[in-house]
Amino acid sequence: TNDGRCTAPRLGYDVPTDVLSLLGFPQQVAEAISEGLTVLLVLHPVAAGIALAALLPAFFLSSQFMTVLSLVLAVIGAIVGSVVLAADLALVIVANHKIHQELGNLLTVTFGNAVWMIVAAVACSWLSVILLSAIACRCCGIRRKHGWYGDGYYG
């Protein structure tokens, strides 16, 4: 009774060939779009992994090395997250513009939940960079009178 078809789980996107033929694109364009979308898809867990890597040394902020390591990883994660966000936004905006240009109001592309989650993740990443920078420069009330690192007076 089910007229739908199922595929096995895999990495990547499929661009429907009927949509591409309707828009007048050849099959090579579909393959290029599919490869580009797969690269974009892989960047999301890379950004999340770097953010997790920045979180782990943040549990040991009493060490100057761990503070700087966490800050460096947080900056890298925020930059990668920003690139992913920019690519997601460009993908949705360009796809919506091209489809609206070719098909009018028959089909629309909108921002889904994933784009809004990336926006929140990037905002949190940059907030963590700011807070870790404040801790690293000891301007956030972390300093102690007899040395944060145990080797002198920093009061």
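These are my notebook entries on what I looked up in a predicted model of one chain.

**Ground rules.** I number residues from 1 along each chain as its sequence is written, and I use heavy atoms for side-chain values, leaving out hydrogens and water. Because the model is predicted, local features need pLDDT of at least 70 and side-chain atom pairs count only at pLDDT 80 or more, while totals for chains, interfaces and linings use all residues.

**Overall fold.** I looked up the secondary structure and found four helices and zero strands. Helices (H or I, at least four residues) and strands (E, at least two) are DSSP runs, numbered from the N terminus. Along the sequence I read the pattern α-α-α-α. I then looked up burial, where buried means under 20% relative accessible area, exposed over 50%, and partly exposed in between (1.4 Å probe, protein chains only). Of the 155 residues, 23% count as buried. For contacts I took heavy atoms within 4.5 Å. Among contacts with a separation of 6 or more, 57% join residues 24 or more positions apart.

**Helix H3.** I looked up the span of H3, which covers residues 64-103 and has 40 residues. The expected span of a helix is 1.5 Å times one less than its number of residues. For H3 the first and last C-alpha atoms are 58 Å apart, close to the expected 58 Å. Just after H3, I noted a positive phi of about 70° at Gly104.

**Helix H4.** I listed its buried residues: Val115, Ile118, Val122, Ser125, Val129, Leu132, Ala134, Ile135 and Ala136. Just after H4, Arg138 takes a positive phi of about 55°.

**Ser70.** Is Ser70 buried or exposed? Ser70 counts as buried because its relative accessibility is 0%. Ser70 sits in helix H3. Leaving out residues up to four places away in sequence, I found that Ser70 touches Ala54, Pro57, Ala58 and Leu132. I also checked Ser70 against Val129: they are 59 residues apart along the chain, and their C-alpha atoms are separated by 9.0 Å.

**Ile50.** I placed Ile50 in helix H2. Its relative accessibility is 18%, so Ile50 counts as buried. With the same exclusion of residues up to four places away in sequence, Ile50 touches Leu73, Ile76, Gly77 and Val80. Ile50 and Ile76 are 26 residues apart in sequence, with 7.4 Å from C-alpha to C-alpha.

**Second largest pocket.** On a 1 Å grid over the protein atoms alone, a pocket is an open set of points where a 1.4 Å probe fits, with protein on both sides within 12 Å along at least five of seven lines; lining residues have an atom within 4 Å of a point. Grid points are joined across faces, edges and corners, and a volume is the space filled by probe spheres set on the points. The second largest pocket holds about 150 Å³. Of its 13 lining residues, the closest to its centre are Ala47, Ala48, Gly81, Ala121 and Ser125. H2 (27-58), H3 and H4 each supply at least two lining residues, and H3 gives the largest share, five. I sorted the lining into eight nonpolar, five polar and no charged residues. Here Ala, Val, Leu, Ile, Met, Phe, Trp, Tyr, Cys and Pro count as nonpolar, Asp, Glu, Lys and Arg as charged, and the others, Gly among them, as polar.

**Cysteines.** I searched the whole structure for disulfides and found zero; a disulfide is a pair of cysteine sulfur atoms within 2.5 Å. Cys124 is exposed, at 52% relative accessible area, and Cys137 is partly exposed, at 47%.
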